[in-house]
Amino acid sequence: MNRTAVILDGYVDEPACLGVPPYISPYIRTVAGALIAHGFSPQYLTIDQLRNEPLRTADLNKARLFVMIAGVTVPGKYLGGTPATLTEIQQIGHMVRGPKKVIGGPIGFGYSGEGGQKAVRQVISGFDALLTGEPAIALDNYLTENDPAGLLDYARTDQWSIAGSGIIAQHPDFPYVMCELETARGCSHGATGGCSFCTEPFYGMPRYRTIPAITAEVAALHRHGARHFRVGRQPDILAYGAGSGEYPAPEPEKLDALFGGIRAAAPGLATLHIDNTNPATIARHEDAAREALRAIIRHHTSGDVAAFGMETADPAVVAANNLKAQEDEVFRAIEIVNEEGGKRRDNVPELLPGLNFVCSLAGETEKTYDLNEQFLDRVLKAGLLVRRVNIRQVMPFEGTRVYTHNTLGKHERRFRQFKEFVRNRIDLPMLQRVFPVGTVLKDVRIEVEGDLSFGRQPGSYPILVGLPLRLPLRTVTDAVVVDWGMRSVTALPVPVRINDLPASAIRWLPGVGKKKVAAVIAKRPFTDLAAYRKVAGNSAIDASMMF
Ligand code: SF4
């Protein structure tokens, strides 16, 4: 009997979960496991693969079961893929004719095309069932009792996460696929209703996976070839396994056991990063947070980012939206992460904070933007490092307070000015501090091909690297920073083969620029660094050169 089940990954992005390539979300892996438990042979396809090869719809028709996972509840722009739109989802639902068709994931919370627009819950046509609740559990219930609903239960999903781990080998980015790991679901700040815009409180109060369950999944993923991991599916990694209360204190020994256990389960891992970290947890429990950060740094890989949901520096907006942290708490948390994580290893800081701002929240005024800018100026003047500043307009979901209480459309001009301010006045000096000229970035993988190729390192919020050379897609190279763009760095492959580089690349060399390109080319080939220096002078990238 035909037991093929196709999983179509329309990609997910939630406040505490990323599944846009090169990331693969835990939903895909647990759904694959549930399918295997029902005797299916799961095949995996991404929405981008289907867009590029529409004839693959014929393969979908031959399957017995078709499961789509999709839904974006935070607005974002992605280099690695484009999430399925509602129109595409419905078209696919109608086009695929052979198998039973089900769809699950955060799409069940609603759909919006972009930030600044309301996400409305609507009927998704073309499918036999909408999997509500936890996709893998709802699928299991659907296959056993024809009931496409079910809440998260780690006692059931943990075994499927192991059984389904082999699905990663079908991901187009394999072996560079980034496995998003789940450690917890739900948010303790939900005790007072949660932040006005956030969908994570829909999952209830925090539930934590056990360390043996997480490490067993990591071991299975590693056996199947996974080398890149992000512990990203939780609202606050420092609260892992913590007690009750709205802002529980970190328990460093649990983080040490968790991250040490992941290392032991995946001895060949190349990336181990984190994501969301609540700045209020750090500011309110400074000593425990420092110990917890040290535990993570002991076991992770460098270039890591602790993303702070700051949202605003305006106390009035914090109060109006029940946000988790005040401006001074965020500032203190930035200082502490800099003190614990600012040291460099493999050329880059161990762990830096990232800042997320959300605009158009209730209570926002023009002054809110002044306060945001003053806050970022203060961070810059204090000499602190921040890896990235992310600015979004809220995407209000039905069931959140921001759905009815927001300031969308009221401060558009000031919003755009704020973005400009950050790009021009904050991003560039921060990049210059974090990635000075001469920094060698390891394992940059090319994701966009062209005369100017773009790549990134595997990781949490990796810097975009522009290389002024045509490099084949998926090439992996070390690269040395030679300049900075607004939100990217310009770099050249290491070793820098000065005698082979085209003029378009030579002009980026420090000390060369447009003026000396002709002189450098005229004097080639250089036999050693001394000969090159006579033309271009000394520079921070000399150690990366080859003659
Ligand atoms: S602290 Fe706020 S933003 Fe973070 S997960 Fe909880 S409700 Fe969402």
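This is a predicted model: local features need pLDDT of at least 70, side-chain atom pairs count only at pLDDT 80 or more; totals for chains, interfaces and linings use all residues.
**Conventions.** I treated local features only at pLDDT of at least 70 and side-chain atom pairs only at pLDDT 80 or more, whereas totals for chains, interfaces and linings use all residues. Residues are numbered from 1 along each chain as its sequence is written, and side-chain values use heavy atoms, with hydrogens and water left out.

**Ligand shell.** I listed the residues around the ligand (one heavy atom within 4 Å) and found Cys187, His189, Gly194, Cys195, Phe197, Cys198, Glu200, Pro201, Pro235 and Lys324. I then sorted this shell into six nonpolar, two polar and two charged residues. In this scheme Ala, Val, Leu, Ile, Met, Phe, Trp, Tyr, Cys and Pro are nonpolar, Asp, Glu, Lys and Arg are charged, and the others, Gly among them, are polar.

**Open sheet.** I looked up the strands (DSSP runs of E, at least two residues; helices are H or I, at least four; both numbered from the N terminus) and their pairing (at least two DSSP bridges between two strands). Four strands form an open sheet with parallel pairing, in the order β3-β9-β12-β13. Because β3 (23-24) and β13 (271-274) are at the edges with a single partner strand each, one side of each has no neighbour in the sheet. Helix α1 (residues 26-37) packs on this sheet and touches β3, β9 (178-182) and β12, where contact means heavy atoms within 4.5 Å. The direction of α1 makes about 80 degrees with that of β9; axes are lines fitted to C-alpha atoms, for helices over the stretch in contact, and angles run from 0 to 180 degrees between N-to-C directions. Four bridges join β12 (residues 228-233) to β13 in the parallel sense, and His228 has Thr271 as its bridge partner in β13.

**Barrel.** I traced a closed barrel of five strands, β19-β20-β21-β23-β22, with mixed pairing. Its neighbouring strands are turned by 55 degrees against each other on average, direction ignored. Strand β20 (residues 453-456) pairs antiparallel with β21 over three bridges, and Gly455 stands opposite Val465. Strand β21 (residues 464-467) runs parallel to β23 (residues 488-493), again with three bridges. Here Val465 faces Val489 and Gly466 faces Thr490.

**Domains.** I took the bounds from an automatic or database domain assignment, which gives domain 1 (1-174) and domain 2 (440-546). Their contact takes seven residues from domain 1 and eight residues from domain 2. Their centres, over C-alpha atoms, are separated by 40 Å. The buried area (accessible area, 1.4 Å probe, lost on putting two parts together, summed over both) is about 520 Å², with 47% from carbon and sulfur atoms. Tyr23, Leu79 and Asp173 supply 74% of the area that domain 1 buries against domain 2, more than any other three residues.
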